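The sequence and structure are shown below.

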Amino acid sequence: MDSIWKTGKELPEFPELKENKKVDVLVIGGGMTGILCAHFLKERGVDYMLAEAEKICSGTTGNTTAKVTAQHSLIYDKLLKSRGLETAAMYLHANLDAVEKFAELCGEADCDFERKTSYVYSTDSLRKLEKEADALARIGFLSELTDRTELPFPVAGALSFNNQAQLNPMKFIAYIAPGLKIREHTRIAEFRQNEKGENVAVTGKGRNITFKKAIFAAHFPIDNKHGLYFLKLYQHRSYVIALKNAPKIHGMYVDEDKKGLSFRGYKDLLLLGGGSHRTGKKGGDWQKLRDFARRYYPDSREEAFWATQDCMSLDGVPYIGPYSPDMPGCFVASGYNKWGMTSSMVAATLLADMVTEKENPYVKVFDPSRNMIKPQLFLNGCEAVKNLLTPTTRRCPHMGCALKWNVTEQSWDCPCHGSRFEKEGRVLDNPANDGLH
């Protein structure tokens with residue numbers, strides 16, 4: 001069940017931390033965000049170290065569809081109404097800058113970087129697309145509405161962004177990671193202060209990492225005591241199959257309906273995604289995609305299949321910035337809402353500026369301490385209470401919620417915060433830091 005990115009390209013290996021260490025900046029998490037942070041900190045001559053619990057890119061980065069785009073479904077009309085013209089424009093330009101930064105970094109890399117047109121389509125509502133186009137026009141960005149697509153079914157319309165991109169994330173990481181100060185198999189277990197009042201991260205094997213500042217880039221924030229991220233975030237599973245002998249698709253497509261499908265090409269493959277549902281709940285899976293493929297691409301053959309997991313914020317905007325007022329010098333990046341490529345680049349550039357005390361115009365857009373009174377907050381709270389009160393022998397070590405058995409993926413899943421475990425108990429997805437006992 002490995003993604004196509006995980007086959008055929010070996011990533012560099014890094015040693016485990018076997019001694020105590022003192023650094024200015026500790027980066028926690030070796031996915032796309034953490035590695036980009038490390039890259040930018042190295043460029044600036046910062047004394048840093050990245051700690052990864054397993055191997056780099058063994059989580060979400062290796063299971064992405066790797067669309068590099070500032071078109072994050074129909075977000076701009078919502079942002080315009082909820083946070084105003086300035087914030088909507090800054091969100092757009094932060095992500096457009098991220099696309100261009102990927103283009104710059106990929107200039108000499110063999111990572112299959114390609115410029116593409118991205119599309120958000122709707123099968124039943126042209127009006128939603130028109131409202132988004134109007135919002136983008138007010139921001140000053142030119143998008144284009146069309147009813148002609150490469151999709152095998154009719155649509156009410158599609159809204160396009162030109163000059164976006166796609167890449168092979170593992171080839172990109174293989175290009176950018178060598179030479180970075182990374183320690184694999186170095187799980188951070190707890191945080192404390194030593195007798196000198198210094199911040200210390202303690203690894204699962206008892207090694208101490210003394211640091212001045214820290215960037216939490218481990219998908220879901222791992223410190224429960226501050227920031228209320230266990231209320232501000234929830235997680236979604238979604239699924240992908242790679243099809244051979246399917247018609248070639250030149251654009252990148254995603255349905256505005258959260259339960260719809262996404263499409264992108266890679267070499268001679270069509271990547272078909274969908275089946276999204278809250279982790280720990282019943283929903284779509286690969287069967288939905290396979291049924292679609294049989295109906296619309298009867299001559300195709302499945303070459304690979306995989307699943308991914310995404311952290312969802314309350315308002316559709318990632319949390320990037322100070323972890324909490326009670327944790328000075330600590331920063332976080334999470335809640336990418338299924339747009340991990342550009343969000344990783346936004347986070348890395350923003351956090352590299354913040355830890356080096358350089359001004360960045362986008363700070364207030366992604367501030368994790370912004371107003372969190374949203375309908376999703378109530379839903380997250382209700383889900384947590386319900387599962388905390390559900391009697392079962394299997395409990396999540398993160399905060400004690402009842403686990404649900406995922407028949408399709410043969411895993412124990414937490415509906416509260418999205419932790420997942422193998423049948424034998426090993427952690428598959430955080431925020432849980434310990435396995436089942």
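This is a predicted model: local features need pLDDT of at least 70, side-chain atom pairs count only at pLDDT 80 or more; totals for chains, interfaces and linings use all residues.

Cys106 takes part in no disulfide. The cysteine sulfur nearest to that of Cys106 belongs to Cys111, at a distance of 3.4 Å, whereas a disulfide requires two cysteine sulfur atoms within 2.5 Å.

Cys396 counts as buried, with a relative accessibility of 3%.

## The disulfide

How many disulfides does the model contain? The count comes to one. This bond joins Cys401 to Cys416, with an S to S distance of 2.2 Å. The link between Cys401 and Cys416 is left-handed, with -100° about the S-S bond.

Where in the chain do Cys401 and Cys416 lie? Cys401 is in the loop between α9 (375-388) and β18 (404-406), while Cys416 is in the loop between β19 (411-413) and β20 (420-422). The pair therefore ties together parts that are 15 residues apart in sequence.

## Overall fold

The secondary structure of the protein consists of nine helices and 21 strands. The radius of gyration is 21 Å, close to the 22 Å given by the globule rule for 437 residues, so the protein is as compact as a globular protein of that length. Along the principal axes, the C-alpha atoms fill a box of roughly 65 × 50 × 45 Å.

Of the 437 residues in the protein, 58% are buried. Contacts can also be described by separation along the chain. Among contacts between residues at least 6 apart in sequence, 71% join residues at least 24 apart.

## Surface and charge

The accessible surface of the protein comes to about 18,800 Å². Carbon and sulfur atoms account for 50% of this surface.

The protein carries 59 positive and 54 negative charges. The mean position of the positive charges and that of the negative charges are 3 Å apart.

Note on methods:
Residues are numbered from 1 along each chain as its sequence is written. Side-chain values use heavy atoms; hydrogens and water are left out. Helices (H or I, at least four residues) and strands (E, at least two) are DSSP runs, numbered from the N terminus. Buried means under 20% relative accessible area, exposed over 50%, partly exposed in between (1.4 Å probe, protein chains only). The radius of gyration is taken over C-alpha atoms; the globule rule is 2.2 Å times the number of residues to the power 0.38. Contact means heavy atoms within 4.5 Å. Accessible areas come from the Shrake-Rupley method with a 1.4 Å probe; for residues, only the protein chains shown count as cover. Lys and Arg count as positive and Asp and Glu as negative; His and the chain ends are not counted. The place of a charge is taken as NZ of Lys, CZ of Arg, CG of Asp or CD of Glu.
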